[in-house]
Amino acid sequence: MNINPYETDELVAQYLDFHYGNSYFDVKNYPEKCAELCLQLMAKGSKRKALDLGCAVGRTSFELAREFDEVVGVDLSARFIECANQLKEKGSLPYSVTDEGELSTLHTAQLSDRQLQQIKGKVSFYQEDACNLGAHHQDYDLIFAGNLLDRLQNPEQFLSSVHQYLSMGGILVMSSPYTLLAEYTPRENWIGGYRIDEKNMTVLEGITKVLDAHFTMINKPLDVPFVIRETKRKFQHTIAQLTTWRRIR
Ligand SMILES: C[S@@+](CC[C@H](N)C(=O)[O-])C[C@H]1O[C@@H](n2cnc3c(N)ncnc32)[C@H](O)[C@@H]1O
């Protein structure tokens, strides 16, 4: 049986550090940066309800609550949602980061360090599948899907159904490094990243083709870098592409 990597101790610790720990190599905290970009985009729009899909341990959801009346974070990983809920309830959560081999250092994720303690009541977290959301998910002004697309079994199914959760005129923000790993997305479900009819088909072209039924792109795609610490001496440095879409149909 395949174990979901996002349920393991290793990734729980990595993501707590990624969301609430130090920044590395001068690269800004990614979940915070993505929330900042979303809030800039929504500056003149309605900020009643936001949905953070693939929210992991919740940093972007908390950050969006600085301005939104209500934020819902959804993730498939029960462990990630448990961490996000513990942070909401207790305000802090200890975790240990790997240094080398069996050596590790204890850290604490703390909402009060970032003045998020006083707004945490606006955020709720649920373990759910972004491709099969309950009927109560409706009428959001913003949906953010951070680095989710290339973790889905069927990205086309997600892209062709996501409009139903947004209000008309609502904004969809997606970021992804388009890593296209067959263990998450079987090759037959790729929407780009291959050649067809002697032409390159990029993931962005694939996204645009599917979203075209309900959305228009409203900004130029933006590169947003991030760093995830694996050990004291090993880091993943990745450049995600962030795209912004308005629901028009
Ligand atoms: C690469 S991580 C990105 C997490 C977070 N947005 C961030 O940028 O730090 C992908 C996240 O998507 C979640 N995920 C994968 N498939 C999902 C699905 N079908 N529905 C909801 N969440 C899913 C994983 O559990 C994981 O938390």
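**Figure 1. Crossing of helices H1 and H4 in the predicted model.** H1 and H4 cross in a right-handed manner (the near helix is turned clockwise from the far one by less than a right angle). Local features in this predicted model need pLDDT of at least 70, side-chain atom pairs count only at pLDDT 80 or more, and totals for chains, interfaces and linings use all residues. Residues are numbered from 1 along each chain as its sequence is written. H1 covers residues 9–20 and H4 residues 78–90; their axes lie 10 Å apart at an angle of about 40°.

**Figure 2. Residues joining H1 and H4.** Val 12, Tyr 15 and Leu 16 of H1 meet Arg 79, Phe 80 and Cys 83 of H4 (C-beta atoms, placed from the backbone, within 7 Å). By class, this contact has five nonpolar, no polar and one charged residues.

Figure 3. The ligand has 19 residues around it, of which Tyr 6, Gly 54, Ala 56, Ala 130 and Gly 146 come nearest (C-beta atom, placed from the backbone, within 6 Å). Twelve residues of this shell are nonpolar, four polar and three charged; Gly counts as polar and Tyr as nonpolar.

**Figure 4. Setting of the views.** The protein has six helices and twelve strands (DSSP runs of at least four residues for helices, H or I, and at least two for strands, E). Its C-alpha trace spans about 50 × 40 × 35 Å along the principal axes.

Notes
Axes are lines fitted to C-alpha atoms, for helices over the stretch in contact, and angles run from 0 to 180 degrees between N-to-C directions. Two residues are in contact if their C-beta atoms, placed from the backbone, lie within 7 Å.
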